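My entries follow the order in which I looked.

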Amino acid sequence: MTVLLSAVGRRAYLVGYFQEALKPYGGKVVTANTTMDATGMLMADAAEVVPPAKSPDYVDAMLAVCRRHGIQLLFSLHDWEAPYLARARDRFLAIGTTPVMPSPDVMDVCLDKFKTFVQMKALGIPTPRVCLDRDEALRELAFPMMVKPRLGQGSLGVFKVNTPDELAWAYQLSLSAVESFGLASSIADCDTPAVLVQACVSGDEYGCDIVNDLQGNFVTAFVKRKLAMRAGETDVAVTVEDSRIAECAKQISAWSRHPGIMDADFFLDRSGEVWLLELNPRFGGGYPFSHAAGANLPAAFVAWASGQTPASSWIQVRPNVKAYKDIQVLVSAAHVSSG
């Protein structure tokens, strides 16, 4: 079996997890990225440079990679790339490659924070109020407020504001970030604002891996309390048991029917109310904390794809496991001097 991790970037740890999972099958991990200068590319069994997702040649290039390596499972690790793959799902299935990602409609809701708000309200899952208009926000929300792009990543263009003047200033800066980083795409409605204002919820932040099998059936949810963040990604976390978050995860799974994993962010406020903040339809930056606590989703996905039943230990985590992300430096073999 061969697995493709696309937009792999610096997620070398995920490459290693899949390599270990594929050992019993004699399989390999192929990675794709827009440049070779990424640690995930250095760690892979084979690496392919592909055009950016917005390129008209992107999908054809990815199909060629899948044919060349006989890819059976395709995972995208980047929010802005995955929709292009999801919309071409039938073309990948036709060559024997299964994209492990939600349908385009579900992905659209996950990536657009306004649509996430609307969908969660329909499901009865508490989520902070969102306004697309500054005047509406001033009427309906109390300070502090959060200003952010509808389609964003890594805290780009996100500001916490405490006054009307700060709101006006932050709104313009967030719009500038949208333009500079290309955070407004065809995924969002082009006739509505690309920036929103959100009610600010204070409390403890949690991450949750919502795990479905490859047919979209709910399997489990791994919950972690975030203890430190860096550039919008979890840096330190501890695994916990929380039935309230787990129940929300089950509701989201029943709606999304996503194959594989979905990363969800929650807040638990001082009154004990759970609030869904956002959804990421992929392996999120919080998954390594689940893996460190005993889970092994790469092995589970490979087993399901092979028609086998995963070991029960692969879809469980030990509670109260605190873990940290570290930085390591890798040297490309092509640049190691012999003398």
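**Conventions.** I am working with a predicted model, in which local features need pLDDT of at least 70 and side-chain atom pairs count only at pLDDT 80 or more, while totals for chains, interfaces and linings use all residues. Residues are numbered from 1 along each chain as its sequence is written, and side-chain values use heavy atoms, with hydrogens and water left out. Helices (H or I, at least four residues) and strands (E, at least two) are DSSP runs, numbered from the N terminus.

**Helix 1 and helix 12.** I looked up helix 1 (residues 12-22) against helix 12 (residues 297-305), and found that their axes come within 8 Å and cross at roughly 45 degrees; axes here are lines fitted to C-alpha atoms, for helices over the stretch in contact, and angles run from 0 to 180 degrees between N-to-C directions. Helix 1 is therefore oblique to helix 12, on a scale where angles under 35 degrees count as roughly parallel, over 145 as roughly antiparallel, 65 to 115 as roughly perpendicular and the rest as oblique. In the contact (heavy atoms within 4.5 Å), helix 1 supplies Tyr 17, Phe 18, Ala 21 and Leu 22, and helix 12 supplies Pro 298, Ala 299 and Val 302. By class, I note seven nonpolar residues, no polar and no charged, where Ala, Val, Leu, Ile, Met, Phe, Trp, Tyr, Cys and Pro count as nonpolar, Asp, Glu, Lys and Arg as charged, and the others, Gly among them, as polar.

**Cover of helix 12.** I next asked how many residues of helix 12 are buried. Eight of the nine are, with buried meaning under 20% relative accessible area, exposed over 50%, and partly exposed in between (1.4 Å probe, protein chains only). The buried residues are Leu 297, Pro 298, Ala 299, Ala 300, Phe 301, Val 302, Ala 303 and Trp 304. Their cover includes helix 1, strand 4, strand 10 (204-212), strand 11 (218-230), strand 13 (261-268) and helix 11 (287-292).

**The core.** The largest nonpolar core has 29 residues, and those with the most contacts inside it are Leu 5, Phe 18, Phe 75 and Phe 283; such a core is a set of buried Ala, Val, Leu, Ile, Met, Phe, Trp, Tyr and Cys residues joined through side-chain atoms within 4.5 Å. Strand 1 (2-6), helix 1, strand 4 (73-76) and helix 12 are the elements that give two or more residues to this core.

**Helix 7 and its partners.** Helix 7 (residues 113-123) and helix 10 (residues 243-256) pack at about 105 degrees with their axes 11 Å apart, which means that helix 7 is roughly perpendicular to helix 10. Here Gln 119, Met 120 and Leu 123 of helix 7 meet Gln 251, Ile 252 and Trp 255 of helix 10, and the contact divides into four nonpolar, two polar and no charged residues. The axes of helix 6 (residues 104-111) and helix 7 come within 5 Å and cross at roughly 105 degrees, so helix 6 is roughly perpendicular to helix 7. I list Asp 108, Val 109, Cys 110 and Leu 111 from helix 6, and Lys 113, Lys 115, Thr 116 and Gln 119 from helix 7, divided into three nonpolar, two polar and three charged.

**Backbone notes.** The peptide bond from Phe 143 to Pro 144 is cis, with omega near 0 degrees, and Pro 144 sits in the loop between helix 8 (134-140) and strand 7 (145-149). Ala 7, in the loop between strand 1 and helix 1, has a positive phi near 55 degrees and is buried, with a relative accessible area of 14%. Asn 320, in the loop between helix 12 and strand 15 (322-324), has a positive phi near 65 degrees and counts as exposed at 63% relative accessibility.

**A last residue.** Gln 198 lies in strand 9 (residues 195-199) and is buried, with a relative accessible area of 4%. Its contacts beyond four places in sequence include Pro 128, Arg 129, Leu 141 and Leu 277.
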